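Subject: Structure handover

Hello,

Here is the structure you asked about. Please open it first, then read the notes below.

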Amino acid sequence: MSILIFAEGVDKSIKKSSLEAVSAGFALAQKLSTEAIAIAIGEYDAAALQELGKAGANKVLHVNVAGYPSAIAYASIIAGAAKEAGASVVLLSKSALGDGIVSRLSVQLNAASATGVLAVPEVSGDTLKVRKSIYTGKAFAELSLTGAVKVISLAKNAVPVKEDGAAATVESKTYPLSDLAGKLVHQKEEKASGDILLTEADIVVSGGRGLKGPENWGMIEELAKILGAATGCSKPVSDLDWRPHHEHVGQTGVKVSPNLYIAVGISGAIQHLAGVSASKVIVVINKDPEAPFFKAADYGIVGDAFEVVPKLIEAAKKL
Ligand SMILES: Cc1cc2nc3c(=O)[nH]c(=O)nc-3n(C[C@H](O)[C@H](O)[C@H](O)COP(=O)(O)OP(=O)(O)OC[C@H]3O[C@@H](n4cnc5c(N)ncnc54)[C@H](O)[C@@H]3O)c2cc1C
């Protein structure tokens, strides 16, 4: 028996959300008195693979393939590794790729599955109990997963990354692809604008129609740069082509879960809140004290964005 954790990467580095999944896998392995094995698929150097050890993996399987395979190919490789390792649980982080892998893995491994789980699963005999948010963050569901194998994806920011794990042994592996996966050519992944991926960001600075036009985004980008944040926006802003569509946050856009979400000139419509409700701390800057976003905010500044944001930039520079 073991816990297998799929570590997703970008630009030859392991994503932070995957390190969180490895740390969750380590905690679960401790509860089940077994080992946590991470599997990294792609081109990674030794330092990137050792990050997995620090995060809690006892062993790392490295499947060195070029480029970005399809979800079908990833699932085929992970299923092969899970069978070989006798994994009772396969963990991964929730992402667009992760969603495509979970469903395929649960079919291939005949496993119970849950996505977007909010904490390390609780163990009760052969059952794993997990908690996830449902109805765009308005309620929680408790699920009991039974059966010999479970496949679980973890919401971002649900578990802190462990940083003091021992050095992991790294094994180079190859696994045969399923017939279907073998017929698919490698896909190319293009990086969105900005240095920090919106879905991975610890801090997001997001702007709405209150910013009046694309020419005013300089201050949003400057604040984001100083804070090491990604930039986001409301849907009308991307519909108006003020910002690219991949920055649109909300029910119909990207769902984010940063430690800090700063909303500037965004009213806080329910469809926008659906994409930000998993944020740990929400700061709202709006000139209308009645803006609905203030009800969801941890901190609110009632004021004109064109006065408040430059002051925040100055304060952040001093920090
Ligand atoms: C099916 C459906 C799906 C949708 N999906 C999404 C989604 O995924 N994401 C999303 O964002 N929206 C979504 N919407 C749209 C949503 O309902 C709102 O219309 C939208 O979020 C409003 O964007 P906004 O807050 O930027 O603009 P507005 O509603 O125009 O609000 C602008 C805000 O800026 C404030 N403001 C103005 N000037 C200043 C200033 N100088 N300083 C500070 N504050 C100022 C105003 O007080 C106001 O609160 C969806 C709608 C539908 C019907």
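Strand β1 (residues 2–7) pairs with β6 in the parallel sense, over four bridges. Helices and strands here are DSSP runs, numbered from the N terminus: helices are H or I with at least four residues, strands are E with at least two. Two strands pair if DSSP finds at least two bridges between them.

Two notes on the model. Residues are numbered from 1 along each chain as its sequence is written. This is a predicted model: local features need pLDDT of at least 70, side-chain atom pairs count only at pLDDT 80 or more, and totals for chains, interfaces and linings use all residues.

**Strand β6**

Back to β6. I5 has L91 as its bridge partner in β6. L91 also has a bridge partner in β11, namely I152. Strand β11 (residues 150–154) runs parallel to β6, and five bridges join the two.

Is β6 (residues 87–93) enclosed or open? Seven of its seven residues are buried, so β6 is largely enclosed by the rest of the structure. A residue is buried if 20 or more other C-beta atoms lie within 10 Å of its own, exposed if 12 or fewer, and partly exposed in between; C-beta atoms are placed from the backbone.

**Two domains**

The protein chain is divided into domain 1 (2–182) and domain 2 (198–318). These bounds come from an automatic or database domain assignment. The domain centres, taken over C-alpha atoms, are 31 Å apart. Nine residues of domain 1 are in contact with nine residues of domain 2. Contact means that the C-beta atoms of two residues, placed from the backbone, lie within 7 Å. The side of domain 1 that touches domain 2 has one nonpolar, five polar and three charged residues. For these classes, Ala, Val, Leu, Ile, Met, Phe, Trp, Tyr, Cys and Pro count as nonpolar, Asp, Glu, Lys and Arg as charged, and the others, Gly among them, as polar.

**A five-stranded sheet**

Next, look at the open sheet of five strands, in the order β14-β13-β15-β16-β17, with parallel pairing. Its edge strands are β14 (230–233) and β17 (299–302), and each pairs on one side only. From one strand to the next, the twist averages 15 degrees. Axes are lines fitted to C-alpha atoms, for helices over the stretch in contact, and angles run from 0 to 180 degrees between N-to-C directions.

Strands β15 (residues 260–264) and β16 (residues 281–286) run parallel and are joined by five bridges. Helix α6 (residues 218–227) lies across β13 (203–207), β14 and β15. Helix α6 runs at about 175 degrees to β13.

**Around the ligand**

Which residues come nearest to the ligand? Of the 27 around it, they are G208, G210, S234, K235 and G250. A residue counts as near if its C-beta atom, placed from the backbone, lies within 6 Å of the molecule. At least two residues of the shell come from each of α7 (235–239), α8 (270–273), β16 and α10. The largest share is three residues, from α7. The shell divides into eight nonpolar, 14 polar and five charged residues.

**Residues to look up**

N286 is in strand β16. It is buried, because 26 other C-beta atoms lie within 10 Å. Beyond residues up to four places away in sequence, N286 touches G210, G265, A291, F293, F294 and V302.

Q271 is in helix α8. Q271 is partly exposed, with 14 other C-beta atoms within 10 Å. Leaving aside neighbours within four places in sequence, Q271 is in contact with G250, Q251 and T252.

Now for two backbone angles. Most residues other than glycine have a negative phi. D11 has a phi near 50 degrees, a positive value in a residue other than glycine. D11 lies in the loop between β2 (9–10) and β3 (13–14). N110 also is not a glycine, and its phi is positive at about 50 degrees. N110 is in the loop between α4 (96–108) and β7 (112–117).

Best wishes
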